[in-house]
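Here is a short report on one protein model. Look at the sequence and the structure first, then read on.

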Amino acid sequence: MTVPKTTVLVLDSSDPEPLAHFYATLLGATVEPADGDPDLLLLQSPTGPALGIRRDPGQAPPSWPRPEDSQQAHLHILVAADALDEAEREAISLGARPVAAERNGTRLDRRTDVRRYTDPAGHAFVLAPSRDAERRVSP
């Protein structure tokens, strides 16, 4: 029998609190300290852990997209296709830095539909359309 497990992607950061709040705001999650680990903050979504941010005083920002360095990992954040522009404005207002934009053919209006950024600490992430993503409307 397999022991129940939960996985979460953890980003290292020399200053984890602001980075955790960047992603919590972007993803609509809350920030909670991890049980038994004072150096780990967990972002909680309604469905469970969404992301972890761990304190690493020696962490150096990733250098991607420099061609001499290969990208190791990135977050792929899916949003409703009609909310991509809104999600981009939100990410940039929170401190994301645009890196590139390209078309993957899912938009009919010939606008970019895959948008690449770095977060305030330099980690790569992408905003991309999802046919399955539903727009959440606040009551």
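## Strand E8

Strand E8 is mostly covered: 7 of its 7 residues are buried. Buried means under 20% relative accessible area, exposed means over 50%, and partly exposed lies in between, with a 1.4 Å probe and protein chains only. Ala 124, Val 126, Ala 128 and Ser 130 point one way from E8. Phe 125, Leu 127 and Pro 129 point the other way. Residues on both sides are buried.

The model is predicted: local features need pLDDT of at least 70, side-chain atom pairs count only at pLDDT 80 or more, and totals for chains, interfaces and linings use all residues. Residues are numbered from 1 along each chain as its sequence is written, and side-chain values use heavy atoms, with hydrogens and water left out.

## Partners of E8

Which strands pair with E8? E5 runs parallel to E8, and 6 bridges join them. Two strands pair if DSSP finds at least two bridges between them. Leu 75 has Phe 125 in E8 as its bridge partner.

Strand E7 (residues 114-118) pairs with E8 in the antiparallel sense, over 4 bridges. Here Arg 116 has Val 126 as its bridge partner. The hairpin of E7 and E8 has 5 residues between the strands. In this hairpin, Gly 122 takes a positive phi near 100 degrees.

## Aromatic pairs

A search of the whole structure finds 4 aromatic pairs. Rings of Phe, Tyr and Trp (its six-membered ring) pair if their centres lie within 6.5 Å; planes under 30 degrees apart count as stacked, over 60 as edge-to-face and the rest as tilted. Phe 22 and Tyr 23 have ring centres 4.9 Å apart and planes at 80 degrees, so they are edge-to-face. Both residues are buried.

Tyr 117 and Phe 125 have ring centres 5.2 Å apart and planes at 20 degrees, so this pair is stacked. Tyr 117 is buried, at 1% relative accessible area. Phe 125 is buried too, at 0%. Phe 22, Tyr 23, Tyr 117 and Phe 125 form one aromatic cluster.

## The largest nonpolar core

The largest nonpolar core has 23 residues. Such a core is a set of buried Ala, Val, Leu, Ile, Met, Phe, Trp, Tyr and Cys residues joined through side-chain atoms within 4.5 Å. Tyr 23, Leu 43, Ile 53, Phe 125 and Leu 127 touch the most other members. Elements that give two or more residues include helix H1 (16-27), strand E3 (37-45) and strand E8 (124-130). H1 gives the largest share, 6 residues.

Take Ile 53. Not counting residues up to four places away in sequence, Ile 53 touches residues including Val 10, Leu 19, Tyr 23 and Leu 43. Contact means heavy atoms within 4.5 Å.

## The four-strand sheet

An open sheet of 4 strands has the order E1-E4-E3-E2, with mixed pairing.

E3 and E4 run antiparallel, joined by 6 bridges. Leu 40 stands opposite Arg 54 in E4. H1 packs on the sheet and touches E1, E2, E3 and E4.

Conventions: Axes are lines fitted to C-alpha atoms, for helices over the stretch in contact, and angles run from 0 to 180 degrees between N-to-C directions.
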